Amino acid sequence: MAIVSVSGSDLLARDEAIIELKEYFSALSVRKGRPLTYKIKTYGCQLNEADSEKLTGMLESIGLNECVDTEVGDIVIFNTCAVRENAEDRLFGNLGIIKSDAKADKDMIVGVCGCMMKVPENVEKIQKSFPYVDLVFDPQQIHMFPVFLRDSLRRKKQLVNISSEDYIVDDSLVPIVRKRKFRALVPIMYGCNNFCTYCIVPYARGRERSRDFYSIITELRNLEANGYKEVMLLGQNVNSYKGPNGETFVDILKEASKMTGFSRVRFMSSHPKDISDEVIDIMANSTNIETHLHLPLQSGSDRILKLMNRPYTVEKYLKTVDQFRTKVPNGSISTDIIVGFPGETEEDFQGTLDVVNKVKYDSAFTFQYSIRPGTVAAKMENQIPADVVKDRFGRLLEIQNDYVYKSNQAKVGLTEEVLIEGGSNTAPDILTGRTRSNHLVNFTIPKNLQKPDFTADDYEGMLAMVKFTHARPYSVDGELVEFL
């Protein structure tokens, strides 16, 4: 695929479409006698979340407001993920649920975008089975969404626009409405060149392409000036960032570490083949770089890693872990693990358990292998029976969940800085937040320290010192000591 850089002049058609859509939806609002709303359903990774923030910005620029959870929305967009089979199942299930609403309201617009739309079989299924979907487009073309929306309205029939090119569009050229008032998602690169044999991402997100270094730094400085406390640097593999003038991910991290307005600088994800000693050193010596490293393992067998096209060995992986644990002793490590990759033997699986027991991950995302059409692994022989995969998966979870609990237990009795994310979903009188090591903390505020007239959400983005009092399987309980 060709990589195309998009400039401001290339977006004149989009800006013209926004003006036309604003007039159309203003008239439709008058006709319906109410404000018009939108809803975006996002599946998958933080890059999809960042794309949805751009869709939100463009929808609000044409005069729509986000609807409450109980409403359907005049425009409904499904931003999809192709990495796991269950995400596909949920999409098609939700498209079925929304059918009656789409048929009842002829003005309602349904759109589907995201990684799933780069898989031809999924597009064909929508065209055949879901004719009430109005527009389908891919993640590389998020920036042109208003044009697709306008053209769909003009045609009054389903519009499918899947590009064969990979676009690089700077975030400064796209309207963005951020979901959290304290956290900003900042993609620094898009796409992937690794071609792991189980993964659809290089086909869905395209080849690696990095944003301009100075544009990223300018965005970070603007976010700092606007009061954001946390920033997450995003990429399919952030460590492979290559700026147009030879800049690297280390250069971005160094600049971000100087921005004292940020309490947390996070990044996702790191490929074991690219993580450098310099990155670990910056994490160890900076006051605002989060001391949490997400380092996907996928398998603890060199044989399976080779079949996965993961160009590192278990020995190299463990060396990186040892370096991090030594230099960042209060840090945490999380990982991704796939169970049941084609050809995985019991011996291979025992290798994975061996690594888990050596690393003692503070948290982990564990998956049962599922066939992704279009990938090399989908055509491999020796697909593992479902009952064997399920058994191995259960054994892995039992061991890993114990390490998560022990990691939380190690926090009890300590007092650490917590960035407050808002109120707990389960208890309105409890606040929730995270430590620099990304441990989830739920805590109470003594009455004498409570702020008058504050709701739980008013505390969002504040820093607090919290004493940890009790460990739970996936979180830590605590009590506020002081606000910072």
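Mentor: Let's start with a term: on a 1 Å grid over the protein atoms alone, a cavity is a set of points where a 1.4 Å probe fits but cannot get out, and lining residues have an atom within 4 Å of a point. A volume is the space filled by probe spheres set on the points, which are joined across faces, edges and corners. This is a predicted model, where local features need pLDDT of at least 70, side-chain atom pairs count only at pLDDT 80 or more, and totals for chains, interfaces and linings use all residues. Residues are numbered from 1 along each chain as its sequence is written, and side-chain values use heavy atoms, leaving out hydrogens and water.

Trainee: What volume does the second largest cavity have, and which residues line it?

Mentor: Its volume is about 30 Å³. The second largest cavity is lined by A50, E53, K54, D171, I176, R178, L185 and P187.

Trainee: Why is D171 called buried?

Mentor: Buried means under 20% relative accessible area (1.4 Å probe, protein chains only), with exposed over 50% and partly exposed in between. D171 has 4% relative accessibility, so it counts as buried.

Trainee: What makes the pair D171 and K54 a polar contact?

Mentor: The term needs a pair of N or O atoms within 3.5 Å; within protein, one must be able to donate a hydrogen and the other to accept it, and residues adjacent in sequence count only if both atoms are side-chain atoms. The side chains of D171 and K54 make such a contact at 3.0 Å.

Note on methods. On a 1 Å grid over the protein atoms alone, a cavity is a set of points where a 1.4 Å probe fits but cannot get out, and a pocket is an open set with protein on both sides within 12 Å along at least five of seven lines; lining residues have an atom within 4 Å of a point.
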